[in-house]
Amino acid sequence: MSAFLKAAEDHLVRYGGDTFPNLFTKARGTVVTDSSGREYLDFTSGQMCATIGHNHPAIVAAVHRAGEKAFHFFSGMIPESVAELAQVLADDWLPRDLSKTIFINTGSEATEVALRMAKMYTGGYEVLALGGSWHGITGGASSVSMASDRKGYGVPAPGVFVIPEPNPYRPYFPGLDEEAAALANLDLALKLYDMQSAGKGAAIIVEPVISAGGVLVPSRAFMQALREAADARGMLLIFDEAQTAFGRIGARTGAEHFDVVPDIMTMSKTLGGGLPLAAVSTTAAIEEDIHAKHFTYYTSHVSDPLTAEVGLAVLEVIAREKLVERANEMGAYLRGRLEGLQQRHDVIGDVRGLGLLLGVELVTDRESRSPAHALGALTTRKCFEKGLSMNIRRRPERGSVWRIAPPLTVSTDEIDRAVDILEAALRESLHVTARGRAA
């Protein structure tokens, strides 16, 4: 055992379920390298953050530029790069009317900002969130996150109500078509909310693609109905676009894909290219209202120049290299390869998603659709052993789903290698599980 690996075992707090046998030393493009020199294809894009690939030269250059100017200022001193990034977002990326932005650090923090904005603007505190959602792990964010572990952390913020997530593969209302089932979910949830509400509605918060909940893509009718439901109750609509903004789903934003404009949009992972940059955008009218009410979100790292330089570089690369269009092209190619796997293996029940955010659901058999949790865990481990890192979402109530999201710069050769590894790992895992059943 290396000295650093022993130091990690002796001194680091364990903070999640994924564990790897070695430490990691470097990353470039779609490849990460561990301390033994072994290379792995990273089909999680570094927790969905490395949109343009790990350590893209433009990001390295942006960090160098910031080092020549400034990494950090007093929080009230607005850097030129921050003002420029806000303008680029408003002019080139955001839906109409979302013209005011604050820059912070993480997705959890962005959720906190959005909730504070909505509560101050409306004067309410009640929030509707979707089952299967993931909006972060800080206090307010964790209270509206249903895909995370909610036990053991004390009393959550009051006023949170759940809308069952639309899941065509595992519908809450069997027998209806996809759109009707989703709208039935929403109708029942709103009726229950209206019965329980204290008249203090603040917001409805939603991911345009419910990622941690199993890569679920709502229908346009469902998303438009959320807009109508918020308006009817005097609530704000918040889109959490941590994973969907800036090209991953083959559109500039989820709002653009669904043709629904929220009142507040949060962005994080895909904006910073691997550095801690998040943003929250809203309308000029909402910003004016909450400013008059003395809205504050004053942290040590609000409006940092370092991450703003990087955000500008990320957006410039996405535009210059046409990565929004490439997400559709490479996503179609990857989806085709995965659907080929589905045709050869009955344990693959469903392939879904948008652009380069895809989900592959594993089942024991297609008739019962029972989640194949053990098979999923084993195959994921074998994929890593063969040089492919990818993420699996395992929730007893929501299935066993590989979440596959390589950088937008991924090549067809890398996709082919990854799918070949995936199939080899799946075949081996099926053999192991069949042998175990026979024994």
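1. In what follows, Ala, Val, Leu, Ile, Met, Phe, Trp, Tyr, Cys and Pro count as nonpolar, Asp, Glu, Lys and Arg as charged, and the others, Gly among them, as polar. By these classes, the lining of the second largest pocket has 13 nonpolar, nine polar and three charged residues.

2. The model is predicted: local features need pLDDT of at least 70, side-chain atom pairs count only at pLDDT 80 or more, and totals for chains, interfaces and linings use all residues. Residues are numbered from 1 along each chain as its sequence is written, and side-chain values use heavy atoms, with hydrogens and water left out.

3. The second largest pocket has a volume of about 640 Å³. Of its 25 lining residues, Ile78, Thr101, Ile102, Glu287 and Ser303 are the closest to its centre. (On a 1 Å grid over the protein atoms alone, a pocket is an open set of points with protein on both sides within 12 Å along at least five of seven lines, a cavity is a set where a 1.4 Å probe fits but cannot get out, and lining residues have an atom within 4 Å of a point. Points are joined across faces, edges and corners, and a volume is the space filled by probe spheres set on them.)

4. At least two lining residues of this pocket come from each of α4 (80-93), β4 (98-104), β10 (278-283) and α11 (284-292); β4 has the largest share, five residues. (Helices, H or I of at least four residues, and strands, E of at least two, are DSSP runs numbered from the N terminus.)

5. One cavity of 30 Å³ or more is present. The largest cavity has a volume of about 50 Å³, and its lining is made up of nine nonpolar, no polar and no charged residues. Helix α15 (412-438) is one of the elements that give two or more residues to this lining; α15 gives the most, three.

6. Arg227 forms two of the salt bridges to check (a side-chain nitrogen of Lys or Arg within 4 Å of a carboxyl oxygen of Asp or Glu): one with Asp231, at 2.8 Å, and one with Asp263, at 2.7 Å. Arg227 and Asp231 both lie in helix α8 (220-232), four residues apart, whereas Asp263 is in the loop between α9 (254-258) and β9 (264-267), 36 residues from Arg227. Arg227 counts as buried because its relative accessible area is 15% (buried means under 20%, exposed over 50%, partly exposed in between, with a 1.4 Å probe and protein chains only).

7. Arg320 and Glu316 meet in a salt bridge at 2.3 Å, N to O. Both lie in helix α12 (305-320).
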